[in-house]
Amino acid sequence: MTHSLPVDDLRERALSQMRSPYEMKIICIDITNKCDLACSNCTRLLENQDMHWEMTLENFRLAVRSLADYPGIVAIIGGNPVMHRNFTEICEIFVEELPRKEQRGLWTNNVFKHSELAKEVFGIFNLNPHGVERGIKSLADLKDLGWYHEGHSSHSPLLTAGKDLFDEEDMWERIAHCDVNQDWSASIVQNNGQLRAYFCEVAASFDLARGTDHGIEPVPGWWRRSVSDFKDQVAHFCPGCGVPARLEGSMDFEKVDTYTSSNADLALKSLKKNRKIIELTSDQISKGIDHKVTQYSKNLRGIVDTKPTLMDRIRSMFGY
């Protein structure tokens, strides 16, 4: 299909509309890919990774230090970050390196025995038990301290590559307005023992799932870089990602991964773990969802109540 602009120009136009890490209200540090759930279309592609890993304590300290002077929320996430075998020590380092409690975030589905520790250490919570009773009980004492998601969640697919579904112009226009880039976060992960930083948390997931490394070294202040400095990551990851497609997903408990041909290698990993996989082609896609991919729960779509969203709370806390 012909385009009104050359591909390089389409990419540059998209970059001009995307957010840089320094503009984001949250930056995540993924400290493990261990999780007690196996949700459909997981944004961390946990079921598509080959082995479990945990960030070393030294690397966690370095990751937090690389975000010195960052004004927003630094959130630890997984997997389930509370499943890190040294979660208590992680918390101690977090307090030492990031003194402002209101900047320390915990994103989890279950805190197990660590409810009191979590209340002491973290100033903001994003809690989603995904409708699982054991998680609901675990988070009971924390649910009023942060954003809490009732019921199950519908997860749009990550493996439905835009390059398989749209022409170049449509694809890059969608990428320019990607829900994760516009509303969520950059990320630091541990990849084969090394700390790596990404303009996008989902980009990091694709690298971890494929065993590749397109991250950058998270030297102090890396987050101040413009998104144009991450253009190689954008060019590599965004066309293969399904977030900008905004397709109908599956409920978290269904253990389904939906994919297109470019991501068949990752879908095969799901199949080997006895998950259901569904392949889509360009002639099978519907009009898509009428809300953002990041509004995966009824809470976030304002169906359950009118409580301020997590992003509303962060903007209020930090004056954004």
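**Helix H9**

I looked up helix H9, residues 201-210, and found it mostly covered, with 9 of its 10 residues buried. Buried here means under 20% relative accessible area, exposed over 50%, and partly exposed in between (1.4 Å probe, protein chains only). Helices (H or I, at least four residues) and strands (E, at least two) are DSSP runs, numbered from the N terminus. This is a predicted model, where local features need pLDDT of at least 70, side-chain atom pairs count only at pLDDT 80 or more, and totals for chains, interfaces and linings use all residues. Residues are numbered from 1 along each chain as its sequence is written, and side-chain values use heavy atoms, with hydrogens and water left out.

I listed the buried residues of H9: Glu201, Val202, Ala203, Ala204, Ser205, Phe206, Asp207, Leu208 and Ala209. Their cover includes strands S1 (26-30), S7 (186-191) and S8 (194-198), along with helices H8, H10 (231-237) and H11 (264-272). Contact means heavy atoms within 4.5 Å. After H9 comes Gly211, with a positive phi near 70 degrees.

**Gln182 in H8**

I then checked Gln182, which lies in helix H8 (residues 179-183). Gln182 counts as partly exposed because its relative accessibility is 27%. Leaving out residues up to four places away in sequence, Gln182 touches Gln17, Met18, Arg19, Ala176 and His177. I also noted Met24: its C-alpha atom is separated from that of Gln182 by 8.1 Å, though the two are 158 residues apart along the chain.

In helix H3 (residues 87-97), I found Phe87, Ile90, Cys91, Ile93 and Phe94 buried. Down the axis of H3 these fall within an arc of 165 degrees, so they line one face of the helix. The arc is taken from the directions from the helix axis to the C-beta atoms. Cover for them includes helix H2 (57-65), strand S2 (73-77), strand S3 (104-108) and helix H4 (115-121).

The axes of H2 and H3 come within 10 Å and cross at roughly 30 degrees. That makes H2 roughly parallel to H3, a label for angles under 35 degrees. I recorded the contact residues: Leu57, Phe60, Arg61, Val64 and Arg65 of H2 meet Glu89, Ile90, Ile93, Phe94, Glu96 and Glu97 of H3.

**Ser250**

My last stop was Ser250, in strand S9 (residues 250-251). Ser250 counts as buried, at 8% relative accessibility. Not counting residues up to four places away in sequence, Ser250 touches Ser40, Asn41, Ser153, Ser154, His155, Val256 and Thr258.

How values were computed: Axes fitted to C-alpha atoms, helices over the stretch in contact; angles between N-to-C directions. Parallel < 35°, antiparallel > 145°, perpendicular 65-115°, else oblique.
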